[in-house]
Amino acid sequence: MPDNTVRSFDLELMDCAVCCEPLRPPIIQCQNGHATCNSCSVKMGKCHACTLPIGPMRCRIMEAVVESLTVYCQNRVYGCQESFNYDEKTDHEKYCSFIECSCPIPECNVKGSSETIYAHCKELHKDILTLFNFGRKFAVSVDMHDRGLLLQEEQSDVVFVLNNTKCSYGNIITVFCLGPLSNGSCPYDIEVKFDESSVHDKMHRFHSSTKNFQDTNKYYRSLTGFLLDSSDQEFFADGLIKMEISVYRSLELGSADDV
């Protein structure tokens, strides 16, 4: 009986050479057989490889290969058991709950699924974690020149980063959530207290929702968030920004009984 197992296959051959996205029907070819996705063929008007005009001729063989090719998620090593057609791979991996995450401590190189990193932080970085509960206000202080704080929700173990970006026009405070996009966004409130000597109102309030991140390098130097401009700096005792924060559970994370 013949062995039909594919020993080696370059999956990049299944990507459009122009936009580098997975090919999906209709796949268009030029007279020399060079294939591209339909949207790129319309934009280009000519073949990317040989510059011949490219029209409505479909590459039926390539379409059949794409439709028959089944692949695993790249996060299989972290526990994902999903398999799907190759053209569905990118969409799945964008929201995969097993997506690779890195420890948010810059000096730590541990990588794994979000659940793995939550447990890692709880065990090895517990001395620098600020614990809190969803929906309950808690107080923190951040040095104006520090990057921020590592937060962990006590019941779910979900890890957050209170990020402080120092820039020429002040400080930008933002809360990020470590984990896949499928976790959804967690609403949060920040109240910043000024010294009693301040001519400002005693407190500034800010409401937003967390952005999700997986890679440590993707959230430092945030340019969006709660801005404390440089004129506020003299009103923080000892250079500390004192805040009260409330983080609320996203609908995607479910109720406390589900976690």
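What is the accessible surface of the protein chain, and what share of that surface belongs to carbon and sulfur atoms? The accessible surface comes to about 14700 Å², and 49% of it belongs to carbon and sulfur atoms. Accessible areas here come from the Shrake-Rupley method with a 1.4 Å probe, and for residues only the protein chains shown count as cover.

1. Basis of the note. The model is predicted: local features need pLDDT of at least 70, side-chain atom pairs count only at pLDDT 80 or more, and totals for chains, interfaces and linings use all residues. Residues are numbered from 1 along each chain as its sequence is written, and side-chain values use heavy atoms, with hydrogens and water left out.

2. Overall composition. The protein chain contains four helices and 16 strands, where helices (H or I, at least four residues) and strands (E, at least two) are DSSP runs numbered from the N terminus. Of the 259 residues, 41% are buried; buried means under 20% relative accessible area, exposed over 50%, and partly exposed in between (1.4 Å probe, protein chains only). Among contacts (heavy atoms within 4.5 Å) with a separation of 6 or more, 53% are accounted for by residues 24 or more positions apart.

3. Nonpolar cores. A nonpolar core is a set of buried Ala, Val, Leu, Ile, Met, Phe, Trp, Tyr and Cys residues joined through side-chain atoms within 4.5 Å. The largest has 39 residues, of which F160, L162, I173, I190, M243, I245 and V247 touch the most other members. Strand β11 (residues 170-178) gives the most to this core, contributing five residues. A second, separate core holds 16 residues, including I27, C40, V66 and Y86.

4. The surroundings of I173. With neighbours within four places in sequence set aside, I173 is in contact with L162, N163, N164, I190, G225, F226, L228, I241 and M243. Among these partners, L162, I190 and M243 also belong to the group of residues that touch the most other members of the largest core.

5. C186, a loop residue. C186 is placed in the loop between β11 and β12 (187-193). Its relative accessible area is 0%, so C186 counts as buried. Apart from residues within four places in sequence, the contacts of C186 are F134, F160, S208, S209, T210, V247, Y248, R249, S250 and L253. C186 and L251 lie 65 residues apart in sequence, with 8.2 Å between their C-alpha atoms.

6. V158, in another loop. V158 is found between β9 (148-153) and β10 (159-167), and is buried at 3% relative accessibility. Neighbours within four places aside, V158 is in contact with Y118, L151, Q152, E153, C177, L178 and L253. The C-alpha atoms of V158 and G179, 21 residues apart along the chain, are separated by 8.0 Å.

7. I105, in the loop between β5 (101-102) and β6 (111-112). This residue is buried, its relative accessible area being 14%. Not counting residues up to four places away in sequence, I105 touches H125, I128 and L150. From I105 to V161 the sequence separation is 56 residues, and the C-alpha to C-alpha distance is 9.8 Å.

8. On a 1 Å grid over the protein atoms alone, a cavity is a set of points where a 1.4 Å probe fits but cannot get out, and lining residues have an atom within 4 Å of a point. Grid points are joined across faces, edges and corners, and a volume is the space filled by probe spheres set on the points. The count comes to one cavity of 30 Å³ or more, and the largest cavity has a volume of about 30 Å³. Its lining is formed by V18, T36, C40, S41, M44, K46, C47, H48 and I54. Helix α1 (residues 38-44) supplies the largest share of that lining, three residues. The lining divides into five nonpolar, three polar and one charged, where Ala, Val, Leu, Ile, Met, Phe, Trp, Tyr, Cys and Pro count as nonpolar, Asp, Glu, Lys and Arg as charged, and the others, Gly among them, as polar.

9. Backbone points to inspect. Most residues other than glycine have a negative phi, and most peptide bonds are trans. C20, which is not a glycine, has a positive phi of about 65°; C20 lies in the segment before β1 and is exposed, at 55% relative accessible area. T51, also not a glycine, has a positive phi of about 65°; T51 sits in the loop between α1 and α2 (60-68) and is exposed at 51%. A cis peptide bond joins P25 and P26, with omega about 0°, and P26 lies in the segment before β1 (27-29).

Definitions and conventions. On a 1 Å grid over the protein atoms alone, a cavity is a set of points where a 1.4 Å probe fits but cannot get out, and a pocket is an open set with protein on both sides within 12 Å along at least five of seven lines; lining residues have an atom within 4 Å of a point.
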